[in-house]
Amino acid sequence: MNKLAKQRLSQNFKRSLKYLTLVFNDFFILALIFLFGALMFWYAKTLKTMPNNLWFYKPLTAFVLWLPFLAGRLVTLFKAADLQFLFSQDGEAIEQYLKPMISYSMILPTILIVLMGGILYPFAILKADLSLWQYLAMPVSLILYKYAQLLHEKVGLNFEKTYSSSIFNAIILALMLLEVYFMPSALVAVGLIALGASKKITTFDWNLAIENERVRKDRIYSLFSMFTDVEEKQVVIKRRKYLDFLLPKTFARDTPNSFIYRRSLLRNPEYLNLLVRMTIFAVLVSWLTANWRWACGLSCLIVFLTAYQLLPLAKEFDNNIMYRIAPIDYSTKGNDLVKVLDSVLLLQWLCISISWLLILPINFDLLIASSTLLVMCFLLGHFYLPNKIKG
Amino acid sequence: MTLKIEHLTGGYTGIPVIKDINLEIKPGQALGLIGLNGAGKSTTIKHILGLLRPQKGSISLNGVSLSTQARKFKKQVAYIPETPVLYPELSLKEHIDMTILSYELDADQAWKRAHELLKLFRLDDKLDWLPIHFSKGMKQKVMIVTAFLADTQLLVIDEPFTGLDPLAVANLIDLIKQVIAQDKMVLMTTHVLADAQQAISTYAVLNNGTIEIVGSLAEIRDFYGLKADDPFDKLYLTLNKVTGHE
């Protein structure tokens, strides 16, 4: 079982690495640098002007530091077929299987806690008036708590054992809030670890374990699918009747291609979420920079990234048998999709421009920014997209 | 008005599944394609639908060649697959609209016919549902409704009775009979001969990728040396022996 676990972890690592490479592509890194830079610029500026040692700084430090603790559940990599093929394995074998899984599950939360600890360090020391050792003890405690949580999550896979991550998280938040005032709670963490380690897998609930893993994987793939195509992701289409007003009133003016593309955009969460996310991203960046030139430049980049990430829609139905056998004119497929994407980009331009009216000073510069963004949409719709989507 | 399959050899890259198939379906004729799993039934259908490219041979419908006039050919063909394939993004109503758009049907007439079919299969109150809300049997009914709505010259049906309730099976058989009465053509693969016999009189036995015999059930019994009172399922045992699996 231990060998199987290591084999699965290695496969999972390769798969995750593949998606991480796709997610952190050149465009995304560029956007991330801009966003992170803007955020850090704002943080440094705010830190200089903030008054020292207000009453809520300490609990705020504990709360923000606790946030990365929420990331990362127990990775088990159980598959539906395990119910059939591994059903006969006893508790000891499952323990052996889960041992490397727990170590693997610690990687992500540890990285996030350390990263957040680093970012929060100037605020905690300079503004919240925490001593260096008191502050350093906090991320260390959190990492130990995470390990304890994973052990308890494992024990919760027994029949009739209840484990609630929400209650555990709430207890840890309470302990962290106490820690900023009284004492490092590392001892409590060690106690929790000892308690978790003392309990073993006896009557394993396979259905629960498989379902938990399915939900966990789905969450991870949802995250990846925000940026790239994920073949393992099962997309749940939603009707979203309230968006039907964006569809033409009569289908007679549609071609079969534009008919299906329009509905895919509005009902497939992969595309709709992308559109909403990127639009919110543009508004957020515009608000953070608070400068029409930066807002315009970054929004142009975001609109381009939106168009770029909507390109897979061109191949969405290529493997659907009913689409392939229908007497549809495939020669107009590319043009039909470009027309649909044109209207999507225009809608995005409209949303961003309206948000600018609320967050940027209304003057001639704003008109220039909005016009530039419109020209960008036009260029994408008339040159970039037709070139990328052929036939 | 004939479907002609001439010297069709095909399958997947490097794996020929069907060899030198010759078949002809005339107007008003329904042909049942029967054989064991892996005999090549689905591969033959995939070639007729244009999902696979023949390695040799040709397929034409009323003189329209699939390889040179694919869209014109496809306009004359509707398909009911064994496993229902719907567009997850479209509601039932929109599947009807999509069929109307794809086959360029008159919308008013098509919707009139659609309402009749939807009522027949008890789907008329589910027009706004997405495929995710349908059971497998209901999805299959949607496939049947859209295929019959397309009103094509040739109807290709792959294992149609799987997952359907007895009422829906009876309705489907009635519809197939109506289509045959209108001088259209039906090609059906099935293992459920008891149901198929109600609508189909001619069968082609496909074995190891080749057609062994085309004829009535009586002629097929004679060919395989079955007695008149033998259950027809005995044919499958005979085919199994022929292929050397027993």
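View 1. Ala290(A) counts as partly exposed because 13 C-beta neighbours lie inside 10 Å. Here a residue is buried if 20 or more other C-beta atoms lie within 10 Å of its own, exposed if 12 or fewer, and partly exposed in between, with C-beta atoms placed from the backbone. This is a predicted model, in which local features need pLDDT of at least 70, side-chain atom pairs count only at pLDDT 80 or more, and totals for chains, interfaces and linings use all residues. Residues are numbered from 1 along each chain as its sequence is written, while chains are lettered from A and ligands numbered from 1 in the order in which they are written. Ala290(A) occupies the loop between helix H11 (269-289) and helix H12 (292-310) of chain A. Helices (H or I, at least four residues) and strands (E, at least two) are DSSP runs, numbered from the N terminus. The phi of Ala290(A) is positive, about 50 degrees, although the residue is not a glycine. Most residues other than glycine have a negative phi.

**View 2. Asn53(A) in the loop between H2 and H3 of chain A.** Asn53(A) has a phi near 50 degrees, a positive value in a residue other than glycine. Asn53(A) is exposed, because 11 other C-beta atoms lie within 10 Å.

View 3. An unreviewed UniProt entry places the feature "transmembrane region" at several spans of chain A, including residues 102-124 and 340-360. UniProt positions are given in the numbering used here, feature names are shortened, and annotations may be inferred rather than shown by experiment. In the model, residues 102-124 of chain A are 100% helix and 0% strand, and their end C-alpha atoms are 31 Å apart. Residues 340-360 of chain A are 95% helix and 0% strand, with end C-alpha atoms 30 Å apart. Chain A as a whole has 15 helices and zero strands.

**View 4. The side of chain B that touches chain A.** In this interface, 23 residues of chain B are in contact with 22 residues of chain A. Two residues are in contact if their C-beta atoms, placed from the backbone, lie within 7 Å. Helix H2 (70-74) and helix H3 (92-102) of chain B are the elements that give two or more residues to this side of chain B. The largest share, five residues, comes from H3(B). By type, this side of chain B divides into 14 nonpolar, three polar and six charged residues. Ala, Val, Leu, Ile, Met, Phe, Trp, Tyr, Cys and Pro count as nonpolar, Asp, Glu, Lys and Arg as charged, and the others, Gly among them, as polar.

**View 5. An open sheet of four strands in chain B.** The strands follow the order E2-E1-E4-E5 (chain B), and their pairing is antiparallel. Strand E2 (15-25) and strand E5 (64-65) of chain B are the edge strands, each pairing on one side only. Two strands pair if DSSP finds at least two bridges between them. Strand E1 (residues 3-12) and strand E4 (residues 56-61) of chain B are joined by five bridges. Lys4(B) stands opposite Ser60(B) in E4(B).

**View 6. Ala218(B) in helix H8 of chain B.** Helix H8 of chain B covers residues 217-223. Ala218(B) is exposed, because 10 other C-beta atoms lie within 10 Å. A distance of 9.9 Å separates the C-alpha atoms of Ala218(B) and Thr202(B), which are 16 residues apart along the chain.
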